[in-house]
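This briefing goes through the chain as a whole, its domains, its core and one of its sheets. Please keep the sequence and the 3D view at hand while reading.

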Amino acid sequence: MVRQKCAMSNLRKMPSLSVLMGLLLVACGGGGDNASAPGTAPAPAQGAPDTHAPVAVLAAPANFSSDLTGAVSLMATATDDVGVTEVEFQVDGVQLGVTLAAPPFTASLDTTQYASGQHVIRTRAVDAAGNTSAWASASVSFGGTRTQPAGFTRNESWVTGLGNATALAPAGDGRWFVATQGGALRVVKAGALLAAPFVQLAVDSSGERGLIGVALHPNFATNGYIYAYYTTAENGTHNRVSRFTASGDVALAGSELKLVDLPALSSATNHNGGALHFGADGKLYIGVGDNANGAQAQDRTSLFGKLLRVNEDGSPVTDNPFYATNAGLARAVWAYGLRNPFTFAVQPGTGLIYINDVGQSTWEEIDLGAAGANYGWPGSEGPDGVGAGITGPIFTYNHTAASPPGSGVGGFFTGIAITGGCFYPSSGAFPAMYEGSYFFADYGSGFVARYGATNSAAYSFGSVSGNPVDMRVGVDGALYVLTRDAIVRFSGP
Ligand SMILES: [Ca+2]
């Protein structure tokens with residue numbers, strides 16, 4: 001353990017001596033140890049301000065510690081040219097316990113309070129002048145079987161019996177609209193699945209085709225507009241976005257307005273995308289897969305492998321990045337180089353867009369939405385092949401665990417297909433630490449995680465038994481995860 005340094009001789013000549021003395025005597029534990037720690041800068045000259053930050057080291061647990069259970073001891077060491085006055089620990093970006101003023105810098109962490117899976121432990125030190133060390137951190141995994149944080153409730157049977165569900169959208173009145181692959185757009189009202197669908201569409205549901213996206217107009221409460229993305233066999237099999245008008249819990253007969261007819265699909269039935277959301281700019285964004293032809297993702301004149309941006313009537317928005325160089329519907333291209341943007345999300349208020357791009361055989365990724373961005377597919381997947389002109393992911397995880405587990409990009413998270421996702425709003429029933437978090441899930445692993453932009457790190461939140469396909473925060477502030485068959489409700493403490 002590196003010894004604490006207390007340069008008492010210099011401090012006696014500094015201003016505010018009585019305050020500093022009190023702090024430093026505590027920080028030094030009364031040990032009177034004036035020896036220099038190796039590697040630290042010399043103490044500031046007499047009368048000079050202390051501008052040298054301390055150094056904190058997380059001594060335990062070790063980075064990549066796996067399957068930690070029960071009570072875990074955290075230990076930090078901290079050194080400074082003058083003296084350390086505070087050491088704190090964090091778990092997943094939230095301070096653990098009280099700030100420590102004196103060594104030993106230890107704390108006990110009760111892992112049973114956290115969902116099993118990846119968590120990040122951090123420590124940092126502060127000196128009397130207020131200089132703050134960098135965070136020292138360890139990515140670890142907690143074992144056990146906890147499927148949601150302590151104090152939260154997971155209800156896996158909030159709604160069941162959906163049958164090949166693909167996407168969901170909340171209404172401000174508490175209802176939910178749930179797309180099912182076979183073409184039925186179902187309604188959940190007061191927690192009950194209504195027997196009559198909102199609308200039953202004729203769809204081609206082979207492979208990954210079918211009714212695979214739903215979005216409500218921002219003014220749904222007054223205009224009743226609901227948008228759906230589905231595969232139709234009309235005039236050659238292709239994907240379409242239509243608008244319907246609600247009349248109570250069903251679509252007004254004859255209200256379908258066909259807004260966007262995408263180009264004909266090949267015989268490939270996978271990679272259709274399907275996600276639909278209105279941005280903060282009032283425009284409708286549409287995720288379109290590459291139809292299993294990666295080259296189309298790089299062709300900016302192709303509608304495949306893109307995030308599109310259209311007006312609410314389906315017309316391309318005139319300030320789209322390739323509006324001037326493309327023709328027809330291709331003027332709707334907003335971002336490209338995507339493989340299968342089956343889900344994406346818009347942050348309430350800020351309009352920030354995160355795109356989940358399902359990878360091929362190696363990487364799942366979250367991309368930061370930006371006009372004109374090229375996310376690199378098929379030449380780039382996850383962190384691989386991110387060259388000039390390519391926008392790499394903000395978070396990515398592998399299909400296979402690294403050796404040792406946790407040591408690779410994405411840490412302990414592994415899976416086969418990223419789904420989700422949604423931002424927790426700036427107010428809601430969850431504790432403040434969740435505000436602004438981006439929740440996502442994996443279709444195969446069934447984990448539910450959150451990504452915190454503050455530390456660019458992802459943490460385990462929980463898991464579900466089924467295969468997650470979509471998720472949203474309800475008007476009650478609970479997190480609703482849609483699996484192929486059910487809506488799982490995670491409610492806060
Ligand atoms: Ca210092």
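**Overview**

The centres of domain 1 and domain 2, taken over C-alpha atoms, are separated by 42 Å; the domain bounds come from an automatic or database domain assignment. This is a predicted model, in which local features need pLDDT of at least 70 and side-chain atom pairs count only at pLDDT 80 or more, while totals for chains, interfaces and linings use all residues. Residues are numbered from 1 along each chain as its sequence is written.

**Chain**

- The C-alpha trace of the protein chain spans about 85 × 50 × 45 Å along its principal axes.
- The protein chain has four helices and 33 strands, where helices (H or I, at least four residues) and strands (E, at least two) are DSSP runs numbered from the N terminus.
- Of the 493 residues in the protein chain, 47% are buried; a buried residue has 20 or more other C-beta atoms within 10 Å of its own, with C-beta atoms placed from the backbone.
- Among contacts in the protein chain with a separation of 6 or more, 59% are between residues 24 or more positions apart; a contact requires C-beta atoms, placed from the backbone, within 7 Å.

**Domains**

- Domain 1 covers 8–142 and domain 2 covers 153–491.
- Contacts between the domains involve 13 residues of domain 1 and 18 residues of domain 2.
- On the side of domain 1 that touches domain 2, strand E6 (117–127) and strand E7 (136–142) are the elements that give two or more residues.
- E6 gives the largest share of that side, four residues.
- The residues of that side are four nonpolar, eight polar and one charged, counting Ala, Val, Leu, Ile, Met, Phe, Trp, Tyr, Cys and Pro as nonpolar, Asp, Glu, Lys and Arg as charged, and the others, Gly among them, as polar.

**Core**

- The largest nonpolar core has 124 residues, and those with the most contacts inside it include Leu168, Phe177 and Val481; such a core is a set of buried Ala, Val, Leu, Ile, Met, Phe, Trp, Tyr and Cys residues joined through C-beta atoms within 7 Å.
- Both domain 1 and domain 2 give residues to this core, so it lies between them.
- Leaving out residues up to four places away in sequence, Val481 touches Ala441, Val448, Val464, Pro468, Met471, Val488 and Phe490.

**Sheet**

- Four strands form an open antiparallel sheet in the order E23-E24-E25-E26; strands pair if DSSP finds at least two bridges between them.
- Strand E23 (343–346) and strand E26 (395–398) are the edge strands, each pairing on one side only.
- Four bridges join E23 to strand E24 (residues 353–357), and Tyr354 in E24 is the bridge partner of Ala345.

How values were computed. Buried ≥ 20, exposed ≤ 12 C-beta atoms within 10 Å, placed from the backbone. Contact = placed C-beta atoms within 7 Å.
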